Amino acid sequence: MLYGIAAAAATLLLSALLTGVLRVPALRLGITDRRRRRPLPLSGGTAVALATVLVAAGADAAGLLPLGAGVGRMAVAAGCVALLGLAADLRRLRWWVTPAGTAVAAAFVVPYEETGVAAGVAAVGWIVVATAAFRALDHADGLAGTVGAVGAFGAAACATAELMDGLAALLGVLAAALAGFLLHNWFPARAGLGAAGALFTGFVLASSAVFVRAGQGIGAGAAVLYALAAIGCADAALVVLGRRLDRRAVTRGRPDHLGHRLRRLGLAPRAVPVLLGAGSAGGALVAVCVHTGRLSPGAAWWVAAAAAVLVLVLVRRSVTPVFRPRQRVASASSQVSERLRVRSG
C-alpha cells in the first residue's frame, strides 16, 4: 500500500515535470496539434508514457511492485503503440496505419490460454476499437486526461478484486501520470496529449480490461468492457452517425465530437471534461459492481441507454460556426450602406 502511494506520487510529479520540460522540443520539432489556431505542443503524450513505463519498470525491477510477465509484456506493447502514435504526431499517416499497428500489439498481449482462440481474436478487435475511440476523445482541453484517469481507477478496482496486484499497480501509476499531465492540459491548455499519449492510454485501459475478464463469463465480460469505455463508445457512435447522416466521409476530421457539440450547447470549456468525467465515473462504477457480482450484467444496458440518449440529443446539433447577432446586424447594415453608395454613385 505504502509503495503504491509512493509510486503514484513519483509518477504524478515526473509526468508534470516532463510535460513542461518537453514543451520546447515539441514546438521545435513541430509536434503540435494541427487542429488549433495557435501551436499547442503535444508533450503530454510522451510524458505520460515515459512516466508510466519508467516508474512501473523501476518498481518492478526493485521488487517493490512486481508486475508479472503478462503485465510487463502489455507495458512493452503499449510503449510500442505510443511510438506509433508519436510518428502520427510528427507526420500524417494513413487512417489505417495506427489501427493496424494497435492490432499487432494487441495480438501479443491477449492471454489466449484463458480466452481461447475465438474469444482472443474478438478481444484483439475490442482493444483496437476501444483504443481508437479513446484517441478520438483528445479533442477538448482536459477531456482525455480526465476520462482516462477515471477509467484507470475503475479498471484498477476490478484488478484488485481479482488479486491482480501488478495490473492494479500499473493502472494506478497510469492514473497518476494522467493527473500530472492534467496540470498542463486543463483549460486553457499549455500542452496536449496527442496520438502518442492517447493511444498509449487507450491501449493500456482496453488491454487491462481484457486481462481482468479473461476466462470469465462472456455476458458479464462484455458488460464490464463496455461500461469502462462508455464515453469513448458514445463519442465514436456520435461521430459515425453524424457524418453518415450528413453524407460525409467517416475518416475525415471535423469538429463534431462530444466536446464540440456540448460546447455548442453553451457549456463552458472547463465544464465539458467535468461532465463527461462524471459520466465516465458512473460507467466505471457500474463496471466494478458488475465485475464483483453486486449488479447483474443487465445493468450495462442502463449505461448504454444513457449513452444512446446523449447521442440522439446531440447528433443533430449544428457543428458549423454561426454569426453572433451583432455580427449579423453589422453585416446587414453594411450591405444596405453598400447598396445606397452604389445607387448614389
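**Helix packing and salt bridges**

In this predicted model, helix 1 passes helix 3 in a right-handed crossing. By class, the contact between helix 1 and helix 3 comprises eight nonpolar and six polar residues, with no charged residues. The salt bridges, by the rule applied, come to three.

Helix 1 and helix 3

- The axes of helix 1 (residues 2–21) and helix 3 (residues 43–61) come within 8 Å and cross at roughly 150°, and the two helices are therefore roughly antiparallel to each other.
- On the side of helix 1, the contact is made by A7, T11, L14, S15, L18 and T19, which meet S43, G44, A47, V48, L50, A51, T52 and V55 in helix 3.

The pair D256 and R243

- D256 forms a salt bridge with R243, with 2.9 Å between the closest N and O atoms.
- Because D256 lies in the loop between helix 12 (230–245) and helix 13 (258–264), while R243 lies in helix 12, the pair ties together parts that are 13 residues apart in sequence.
- D256 counts as buried at 0% relative accessibility, and R243 likewise counts as buried, at 5%.

The network around D246

- D246, R254 and R316 are linked in a network of salt bridges, in which the side chains of R254 and D246 meet at 3.2 Å, N to O, and the closest N and O atoms of D246 and R316 are 3.7 Å apart.
- D246 lies in the loop between helix 12 and helix 13 and R316 in the loop between helix 15 (300–314) and helix 16 (325–344), so this pair ties together parts that are 70 residues apart in sequence.
- R254 counts as buried at 18% relative accessibility, D246 as partly exposed at 33%, and R316 is exposed, with a relative accessible area of 59%.

How values were computed. Residues numbered from 1 in each chain as written. Predicted model: local features only at pLDDT ≥ 70, side-chain atom pairs only at ≥ 80, totals over all residues. Heavy atoms only, no water. Axes fitted to C-alpha atoms, helices over the stretch in contact; angles between N-to-C directions. Helix = DSSP H or I, 4+ residues; strand = E, 2+ residues; numbered from the N terminus. Parallel < 35°, antiparallel > 145°, perpendicular 65-115°, else oblique. Left-handed = near helix turned anticlockwise from the far one by under 90°. Contact = heavy atoms within 4.5 Å. Nonpolar A, V, L, I, M, F, W, Y, C, P; charged D, E, K, R; others polar. Salt bridge = Lys/Arg side-chain N within 4 Å of Asp/Glu carboxyl O. Buried < 20%, exposed > 50% of the residue type's maximum accessible area, 1.4 Å probe, protein only.
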